[in-house]
Amino acid sequence: MSIALADVEGVNQHETEFLYDEIFTRRGYLPKTLHLPEDPVVFDVGANIGVYTLFVKSERPGAAVYSFEPVPEVYEVMCRNRERHGVAGLACPYGLAEKEQEVEFTHYPGYSTMSTRSTLADTEAEKTFVRGQVPTGHPPEAEQMLDELLAYRFRERTVRCRLRPLSAFLDEHPVERIDMLKIDVQRGELEVLRGIGERHWPLVRQLAVEVHDSPGGATAGRLRAVTEGLERRGFRVEAVQEEQYAGSDRHFVFAVSERHGDRGTAGKS
């Protein structure tokens, strides 16, 4: 089943195009070390508009995908994308974290993928990251236009959002397994992992996690904390940073559970 970019509803066209390229074209969340079995059970944490959810549907039409998105207006778009393409599973109007809570999110209507809970938000760091993806050498007037564009896209709006531990969800909605746990929550990845109780870790077979680690910053040491934590739980772990993100705080961690057999050749790098 193929899903075209034109068949994906978005909040901002520039984001939809970026997400589609990252997830569908470059297959950023499914390297060769990971594998989607037939009819997988997949958890999409930080689903945004649901591009990864749709990618799983396109790869495995029989998949059941549980999509978590706490920002109401983004959640509504994600639900429409799920309904349009007939995705099985559940859409959940909250995010995941270490405990049940309602918190303030810093939401960027012009760059919704960067939205996160306010205690983890860093607007200037997000602007710097986006600027780093733009080729240098522009004339001064172009630099001014870029500054104005970033200021507009990163205008802030405060939204109250609900967060829950994954184990609380699993107590209410039991599943036999989680074939893939994808997490992309803008600096909240460690909190998501802390919300998985020991009783539920045996369900998790594979993970694809975006990890933020800024030396000297609030997220310093998170890459090591995530990789070592997964290794202690019996996962083979690979930590990578795509060339285009070199020098930024963005890393990907891919992990495969040893207890579920050989599904890849992941090795820490």
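Predicted model: local features only at pLDDT ≥ 70, side-chain atom pairs only at ≥ 80, totals over all residues.
Now zoom in on helix 4 itself, residues 123-132, and show its side chains. T123, E126, F129 and V130 are the buried ones. Turn the view until you look down the axis of helix 4: the buried residues fall within an arc of 120 degrees, so they line one face of the helix. An α-helix has 3.6 residues a turn, so residues three or four places apart point the same way. Next, colour E124, T128 and G132, the exposed residues on the face turned away from the buried side of helix 4.

Bring helix 5 back into view. How do helix 4 and helix 5 pack? Their axes are 11 Å apart and the angle is about 135 degrees; the two helices are therefore oblique to each other. The crossing of helix 4 past helix 5 is right-handed. To see the contact, select K127, V130 and R131 on helix 4, then E143, L146, D147, L150 and A151 on helix 5.

Select its 4 strands, which run in the order 4-7-5-6 with mixed pairing. Strand 4 (95-96) and strand 6 (116-117) are at the edges with a single partner strand each, so one side of each has no neighbour in the sheet. Then pick strand 5 (residues 101-107) and strand 7 (residues 157-164), an antiparallel pair joined over 7 bridges. Finish by clicking Q101, and you will find L163 of strand 7 opposite.

Technical notes: Residues numbered from 1 in each chain as written. Heavy atoms only, no water. Pairing = 2+ DSSP bridges. Buried < 20%, exposed > 50% of the residue type's maximum accessible area, 1.4 Å probe, protein only. Arc of directions from axis to C-beta. Axes fitted to C-alpha atoms, helices over the stretch in contact; angles between N-to-C directions. Parallel < 35°, antiparallel > 145°, perpendicular 65-115°, else oblique. Left-handed = near helix turned anticlockwise from the far one by under 90°. Contact = heavy atoms within 4.5 Å.
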